[in-house]
Every structure is written in C-alpha cells, then in structure tokens.
Amino acid sequence: MRQALTGPAPPAQSGTLVRMNIARIVLDIPTQALDEAYTYAVPEGMDGIAVGCAVVVPFGGRRAVGFVVDVREPDEREADLFAGDQLTLTGIPAKMKPVERVVSRSFFDADGAACAEFLSQRYLAPLSSCVRLFTPPGGVPRMVRGRDGWRLEEPATKEVDVRWVRLAPGAAAFKPRKSAVKQIAILQALAAGELRVSDLTAEYGAVSSTLNSLAKHGAIEIFERRSLRGAPTGAEYAATAISQAAKPQLTDGQQRAVEAIDAAYHAHAGGCVVVDGVTGSGKTEVYLRAIETCVREGKSAIVLVPEISLTPQTVARFRGRFGDMVAVLHSRMSAGERFDQWDVIRSGAARVVVGARSALFAPVHDLGLVVIDEEHESSYKQDQAPRYVSRDVAAWMVARRGAALVLGSATPSIETLYRARHDPSCQLVRLPERANGKPMPQITVVDMAREFSGGGSRRMFSRTLSAALHETLKARHKAVLMLNQRGFASFVLCRACGYVPTCPNCSTSLTYHERGNWLVCHHCGYKVHTPPTCPECGSPYLKKFGAGTQRVEAELVRLIDEFGDVTADVVRMDADTTSRKGAHEALLEKFGSSECAVLLGTQMIAKGLDFDEVTLVGVINADTQLRLPDFRSGERTFDLIEQVAGRAGRADLPGRVIVQTYSADSVPIRAAARYDRERFLADELGKRKALGYPPYVRLADVLVWGKREDQVQEEARTVYAALRAQVTEAGVTGWLMLPPVPCVLSRLRGAFRYHITVKAPLDADIGAVLAPVFRSRKANRYVNVAVDVDPTSML
C-alpha cells in the first residue's frame, strides 16, 4: 500500500479499534519505480520510531532499509484493517507488513520530509535520492547482498569518543605511596586541568593500570568526550557569544541592505532580498549583520558559498564574529569531519552553517535566514539526481518555514534580476561603490587579432599585459592571471583576423570535432569540413582555441626570466594542484605570504580572494566561454570579467585589469569593460526572448546515452514520442519540444549522447506534466535516460 507524502491523513473515527500506528516509509532504493512512500504498521511497543529514522522493513522477498517520513494513527480505511479476523496473531493486518526494527536516530524532521518530496516532484528524481540529502555523510546503515543473502551493514562513519581524565572530589584525601612515581606525576599533571588518556600515555608510557588504580581509590575520574575530527585538539562546541569587537562603519548601501533583510526576516513570509553589490562593496559584512539579528533571536542561519570560494579567509570572517557557533561543510573535508560537523549542527550547538551547495540540507534548528553568496554561480546546480537548483530550493524552504532568503552577487543571474523586477516578494538593493571608497579598477581590452596581424607578439601574453606585469613586479606588488578554461567544446579561430566559423542557420559557433575534422552545429545538425585557411582573410593561422595552465605557467616563468631585473613566485591553482586535501589553502597561503608573486589559475581564482597587494589582474583568454554553443555563454563571459576584475585594487594601491580577447567588439566584453550591465542586458534579453530561453521560459533537458549510437537514437525517438503524447494528453499550451539531436559532447567515456530540449511557460509545472513518462518507462539495459529540469547549461 502506498501513499504520497502530501499532508496528514484524517484522524480515525471515534470508536474505531486502533491497536497501533502507521508509518510511511521511503525505501532506500534509488529508482524511479519507487516514487512514493510505502505504508507499514508500527508494532505495539516499538520504541524510538519517529520521522527521520532509518528502519528495516520487509520488501518483496528481501529486507530493505527505509526512512520514516510520517508516523500517525490509521485513517478510516486503514483502521478497518485492524478489526475482525483480518488480523494476524501479532495484531497486524494480514495485508500490511510491519516495521521490523529501528536502526538509527532521527536524521530529519517533517520539514525535511516535505522538502524531499518537493525535490522529487520538481526535478523528477527518485524519492530515496532526495531523502538521502538530509542524512549524515557516511552515517546511514544499508542493506548489502552477500553469499548468505541480505544483511545490514553498519554506517561507515560514526562518532569518535576520546577517553579523558580529571581529578575526582576525593583526590585531595588520597595520598599515593612515595614509590608510586607515575601516580604522583599523573596527579600533578591533572592539577592543571583535564587531560586526554592519549596525552598521558605519550608523556608517561603505559598508564592504563595506574589510571585504573587511581580511579579505584577515588582520586580520578575517567570519562569519554566526543572528539571532532578536523578540529583543534580538545575543541568543543559551545554556545559562545557573538563577538563584541569593533565592527566597520556601514556605508549607506550596506545600511539599506541590512534594513531590507531585517524587514524580510521579521515578516516571516519567505521574502527574498537581492544584494547587488560590486566586488569589494562589503556584502559579507551585510550578511554578518543580518545573521547577528537572526542568532540573537534564537534562530539559525545557512550561508552557501561556491566551493571554490570557500577559502580560510571566508570561514575566518564568520568564525571571527560567531566563534564556535559556526559549523563548516564542504567536499574537501573527510567523511568523518563532515559527519562531526553535521552532528554538531543537529545538536543545536552550531547556529550558523557555512558551506557549499549541500549545506542547504543541514539539520539546523529554527531556520531564520538563508544566504546564497555569488548566487549566479553554476556550481549551485547539482549535476546528479536530484539535479536541483539551490536558489529555487532555498526559496521553497524559506517560504515553508517563514524565514528569509538573501541572494548576493556582483553579477546577479539574469533569472534573479528578472524575479526582482517582477516578484513583489523579492526586493533588489544595490551597493554601487566599494566599502573603502576606492574606485573600481580600469579595464583595458586588448584586441589580440589586431596585435597578431600587426606584427606584434605572437605569444599568449600581449605587449600590453607583458609591460603591465613587468611594471607590477618591479614595484614588488602582486598579480593575478586567469586562464579561462570553463567548458569542454573547442572552436576554430583565425589568429590573424579573429574569424570564428559559425552556423548559417543558428547564432552560434561551430564546434570542432577532431574525428573527421568536422565543424558541427549542435543545434540544427549543420556540419562542414574544417577549412585549411581562413575563409575571411585567407590566413593559414587557423587553430583550435585553448591552452592548459601548465603550458601557460611555463610561458609565464620564461617571460619573467626575460624581464631580467625582477623575480617573483609563480603559484598555479587548477584542478591538478588543488586535488589534495589542504592544497587549496596551502597555495593561497604561499601567495599571501610571498613578497612578490603571480597567482595563475582557472575560474577558481575569479572570486573570493582578497589580497591588498594585488594591483594587476589579467584575463589571458576571455573568448573561451563566449564561443561555446550555449545560451548562457554571453552572460558567463560578462560575469567572469566583472568578477575577476574585482580582485585588483581592493586596498590603498590602485588596480588595473587587462582582458585579452579575439572578440574585442562583442557586447559582453565591451559592456563588462565599462561596468555597463544595462547595455549587456539590453542585448542579451532580446536574444533570449526571441529564441525562447530563460528567464522567459522554463527548460528541461532529457539526456539519452549508451554504447551503440543506433540504440541511443531509437530510444531517444521513443522517449520524444512519449513526451509529445504526454504533453498533448495533459492539455497544456505554450510548450515546445525539440527533436533529439547529438549533445555538444556527443561521445563521453565510450557512450553516445543525445538530448531532447523541452521549453515550457514560466508558470508550468514541468515535473508534474512529464512525470508519468519517466515513472512508467521500462528500463532499457542498453540505454540510459535522465532528465534535468531547469538546467544551467545545454552543453
């Protein structure tokens, strides 16, 4: 028997025989076929069962772990099953199976259960995958299949308790023998305070028998205390007070933002405030002031930060204000460290959670505020089921809990700006100036095509950037150079004139395919062989665009050596150099402590870094994202230039920014160079409206992949036909469904990839309309199908 999770069931009628409660349980089996909660009977006398618990239940011919999402009395229909001769000897209806045992404490509450259902319905994801978001990392038991059938496997991560020792009330009366040297030494050490047994062992050798003897005589007490992995030795969380240290004077813009957030918070109506502040405008201080109000009133706050921006600098700002009330969650922590932080949050000791995307589902008590910093970042979109958008889930959460949402960015997403203009519950507050009153750095655009054709430098560093770097290092200042590598598609570019082959039918660049030497449009299927020379100017200098950080690092070192009169440390930050635990922090520490240095990196250095000595920022190749065949390519290019420009001149020293591009006349680059968002939006919104892209429509991207292309094509056509039939049957209007075509990356890890694009009106419930197709679809052992609702990219 299955029931959806929508609302409580009606109470049993008076006089109905009720012997036990009913539990609705989501089985921990990630499949679309199990898209609802199953109903089980709770045996009389079973203790510890509550919403959020993991339990073992019978399912088919096996046992399964499930999560309780509701416990209640039977409704009228169910109560009839508990009467008459339908009962078994245990008092359970023959048609209803019992919960066998509880195997965990409660991981989440009714709000968490409701959010899991929302995620499942909106993003067409398995319900169990959604529930899993609310469970502790590595802390959930599971059923595994062995030679002897199914068995319960204990959680991989558990609490760690450490043995401690302290003086007992009877210590003063105990007099050890003069020959008991180790007893005397331990008592003297404990006179200064509590110590871990491991510390005593390290100092005095084997101490177990000595400690047992002292405990037996009532001189000491041996006890266990929770240890937090990754925390300083002996660290414990406590309800520390908010720091009373001097706070910076707020600018007028900051004050308006704090007041707007305070009003939304006290309205308890799920309101949203968009803090649109230039880099260095003091958005973090605005967040801190708003959280202070929240914490003082006994509420909790969640602060989401992009993973690449979650630096020690960021964490230190929050811990400096809220001390041990801050818990941190991110993927660079070990499973044990994340488990400990999750548990501290659950206990209520941590009232401020700072973390990456998944921190949104932390078990906070009395949520009052959710802050999403750099809300435009694509990393807030989950790339595996459930493929949720953090901003939209947060909006649902605060509406349900009567909290407030803050979306902050120097470059708010177009969807967020659109909402701020059209949604009365969403207010936009601008911070147009830096908090220290310093001007934004001047941005110089270098036309690399003109420099190349004019006989200038044919290296990856233009004459302008090389001269500026030389000047910066001679002054013993620091520079940041960013290599724009986001995206995986390549395009062909003429280094002489800047020509990029484009599709004659679509406003997008053609993607280079090495196999067959083809240029292909991934929107309409048009393709042509790569020409040997430039069709515009006849130059033979046609090449696939892109360069790796290692190659750029070698060129940079060579360039600095050629200067002859300067030296500098070169610090490279990319996926390779930051893959080890702690490497991210170590590299930033090296850059910060160096007298003169150049930080070279990918997009991870474009935001979240605040170094006073940085006076030069260079973007080596601003074109990479601009030429990707994706509707957000222009927006991402504009955002990236604006964001990375903010790393320069943040203190007393003036800054400058140099952007190298082969598309010097493109609107996103020219508008970013002038900090002119309105010009960019005027151009971009017109294109989006004409072509039918967000913020004017909602999207769904159905991905189909498998080892054989003919099987993938056949399955894609079958799914496409089923989707069209479902949309027709649902009677909805204003929907557009594009036939299946190869993805930009048409083959990945040996699998051929096709996709179907669905466009729906803004108010459409895509999940509800398309769900019947995916819930009823029979699995194909050769071809996989996944749906991404509200995708951030169509690549």
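D790 lies in the segment after β33 (783-789), where helices (H or I, at least four residues) and strands (E, at least two) are DSSP runs numbered from the N terminus. The phi angle of D790 is positive, at about 60 degrees, although D790 is not a glycine. With a relative accessibility of 13%, D790 counts as buried; buried means under 20% relative accessible area, exposed means over 50%, and partly exposed is in between (1.4 Å probe, protein chains only). Y675 also has a positive phi, near 55 degrees, and is likewise a residue other than glycine. Y675 is placed in the loop between α19 (667-673) and α20, and its 29% relative accessibility makes it partly exposed.

These values come from a predicted model, in which local features need pLDDT of at least 70 and side-chain atom pairs count only at pLDDT 80 or more, while totals for chains, interfaces and linings use all residues. Residues are numbered from 1 along each chain as its sequence is written, and side-chain values use heavy atoms, with hydrogens and water left out.

The secondary structure of the protein amounts to 22 helices and 33 strands. The protein has 795 residues, of which 54% count as buried. Contacts, meaning heavy atoms within 4.5 Å, can also be sorted by how far apart the partners are in sequence. Among contacts between residues at least 6 apart in sequence, 74% join residues at least 24 apart.

One runs from A385 to P386, with omega near -5 degrees, and P386 is found in the loop between β16 (367-373) and α11. Another runs from P694 to P695, with omega near 20 degrees. P695 sits in the loop between α20 (677-691) and β30 (698-706).

Next come the helix pairs. Two packed helices are described by the angle between their axes and the distance between the axes. Axes here are lines fitted to C-alpha atoms, for helices over the stretch in contact, and angles run from 0 to 180 degrees between N-to-C directions. How do helix α21 and helix α22 cross? The axes of α21 (residues 709-730) and α22 (residues 766-776) come within 9 Å and cross at roughly 135 degrees. That makes α21 oblique to α22, since angles under 35 degrees count as roughly parallel, over 145 as roughly antiparallel, 65 to 115 as roughly perpendicular and the rest as oblique. The crossing of α21 and α22 is right-handed; a crossing is right-handed if the near helix is turned clockwise from the far one by less than a right angle, and left-handed if anticlockwise. On the α21 side, the contact is made by A722, L723, Q726, V727 and A730, and on the α22 side by V769, L770, P772, V773 and F774. These contact residues divide into nine nonpolar, one polar and no charged. In this sorting, Ala, Val, Leu, Ile, Met, Phe, Trp, Tyr, Cys and Pro count as nonpolar, Asp, Glu, Lys and Arg as charged, and the others, Gly among them, as polar.

Helix α7 (residues 252-267) and helix α8 (residues 283-296) form another pair, with axes that come within 9 Å and cross at roughly 35 degrees. The crossing of α7 and α8 is right-handed. From α7, the residues in contact are Q254, A257, V258, I261, D262, Y265 and H266, and from α8 they are E285, V286, R289, A290, T293 and C294. This contact of α7 with α8 divides into seven nonpolar, three polar and three charged residues.

C294, on the α8 side of that contact, is buried, with a relative accessible area of 0%. The structure holds zero disulfides, a disulfide being a pair of cysteine sulfur atoms within 2.5 Å. C494 is buried, at 0% relative accessibility.

R391 is placed in helix α11 (residues 390-401). R391 and L360 are 31 residues apart in sequence, and their C-alpha atoms are 9.8 Å apart in space. Leaving aside neighbours within four places in sequence, R391 is in contact with I372, E375, L405, L407, S413, E415 and T416. A554 lies in helix α15 (residues 549-563) and is partly exposed, at 38% relative accessibility. The C-alpha atoms of A554 and V570, 16 residues apart along the chain, are separated by 9.9 Å.
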